[in-house]
Amino acid sequence: MIAVGMFVLGAFAVGWAGVVSLLGRHPETDVLIGLYVRKLLQVGLFGCLGSLLMLSLELALAWVQQP
Amino acid sequence: MIVNAYAVLDGFLSVLRLAFGLLAFYLVFATWRGSRHVDETRMRTREERGTLQFLTACLLVGLSIISWPVFYLLLQSYVPAWDGVMCIYGVTQIGTDSVGPARFLPELLRVMQLLKPALVFAGGAWLVMHLLNTGTASGPLAGRVRFMLLLLSALATADAITEISYLVIPKKEEFVASGCCTQAFDGSARLSRFLPREWVDDAHRPALYVLYFIMNSSWSRRQRRCCSSCHITTAHTISCRACPRA
């Protein structure tokens with residue numbers, strides 16, 4: 001469940017970064033947009049890599065435990 | 001309606017989502033309408049409404065996130081209710097080809113499975129845009145943030161209504177005794193029971209069309225000949241046996 005949640009977070013964070021860069025454009029937000037997009041993409045990377053790691057670990061454990 | 005702990009929890013969350021979705025919708029609309037006035041009292045009211053709007057939206061986002069796994073837990077809890085069902089996929093197929101109210105269940109589930117991720121995505125997008133907007137001095141993105149909240153509340157309301165409908169509809173399948181085509185061609189009183197099935201399948205359709213037109217044209221020619229001999233017009237449906245001169 002946690003791995004699925006992290007995968008969803010990773011995928012959605014990339015989408016939110018796209019929304020911010022598309023809809024958040026304004027002269028007053030130019031400084032902030034780069035920061036927000038970077039943070040959201042970091043969250044996306046964390047989510048995708050975390051879910052990949054957890055699912056790989058679960059598959060490896062299932063492989064080891066099979067009769 | 002199958003009542004268990006998850007159904008009660010899911011129903012409660014759906015009612016809450018419906019109520020707060022409608023409240024958020026109203027607040028966004030009221031804020032948008034009040035934004036045209038520059039009166040001091042109205043501006044204070046707008047500020048207070050903005051705080052309430054933010055809290056309502058946060059609650060709506062939280063409810064949307066919680067309702068997603070609860071929905072699948074609800075489907076999992078429905079698995080033992082039917083004999084042939086072994087997993088959530090089996091529950092999603094309940095109501096297929098049914099003629100009662102249960103025929104809407106698969107479609108409702110399909111809509112919900114699309115709406116739930118869309119709702120979470122819209123909630124997250126609204127939150128990110130709101131944080132970006134509050135980081136500025138004058139809040140230039142307020143209109144876009146309001147639009148995103150409007151979208152979020154509309155999605156939440158639609159999702160809640162769909163989920164309540166799914167919970168309320170009886171999960172009892174009703175099927176017709178036999179198909180209408182089977183009844184039409186296999187009836188013991190019909191002549192078509194003598195027609196071999198091998199002759200009328202889809203592969204023989206062109207030949208059947210040709211046969212149909214040949215038989216009909218020969219029949220109409222016979223009609224015309226018969227009626228020309230007794231000077232009766234061919235527009236009527238008189239048969240040759242009924243014709244006095246045939």
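Author: Start with the term contact, which means heavy atoms within 4.5 Å. This is a predicted model. In it, A:Phe12, A:Gly15, A:Trp16, A:Val19, A:Val20 and A:Leu23 of α1(A) touch residues of α4(B), among them B:Pro117, B:Phe121, B:Gly124 and B:Met129.

Reader: How do the axes of helix α1 of chain A and helix α4 of chain B cross, and at roughly what angle?

Author: Angles from 65 to 115 degrees count as roughly perpendicular, and those under 35 as roughly parallel. The axes of α1 (residues 2–23) of chain A and α4 (residues 105–134) of chain B cross at roughly 45° and come within 9 Å. The two helices are therefore oblique to each other. The crossing of α1(A) and α4(B) is right-handed.

Reader: What about salt bridges: how many are there over all chains?

Author: Side chains of opposite charge can pair when their charged atoms come close. Over all chains the count is five salt bridges. One of them joins B:Glu163 and B:Arg17, with the closest N and O atoms 3.1 Å apart. This pair links distant parts of the chain, since B:Glu163 is in helix α5 and B:Arg17 in helix α1 of chain B, 146 residues apart.

Reader: Which residues of chain B have pLDDT under 50?

Author: Residues 233–238 of chain B stay under 50, and the model has seven contacts beyond four places in sequence for them. The mean pLDDT of chain B is 82, with 80% of its residues at 70 or more. For the complex, the predictor gives an ipTM of 0.89 and a pTM of 0.72.

Technical notes:
Residues are numbered from 1 along each chain as its sequence is written. Chains are lettered from A and ligands numbered from 1 in the order in which they are written. Side-chain values use heavy atoms; hydrogens and water are left out. Axes are lines fitted to C-alpha atoms, for helices over the stretch in contact, and angles run from 0 to 180 degrees between N-to-C directions. Helices (H or I, at least four residues) and strands (E, at least two) are DSSP runs, numbered from the N terminus. Angles under 35 degrees count as roughly parallel, over 145 as roughly antiparallel, 65 to 115 as roughly perpendicular and the rest as oblique. A crossing is left-handed if the near helix is turned anticlockwise from the far one by less than a right angle, and right-handed if clockwise. pLDDT is the predictor's confidence in each residue, from 0 to 100. A salt bridge is a side-chain nitrogen of Lys or Arg within 4 Å of a carboxyl oxygen of Asp or Glu.
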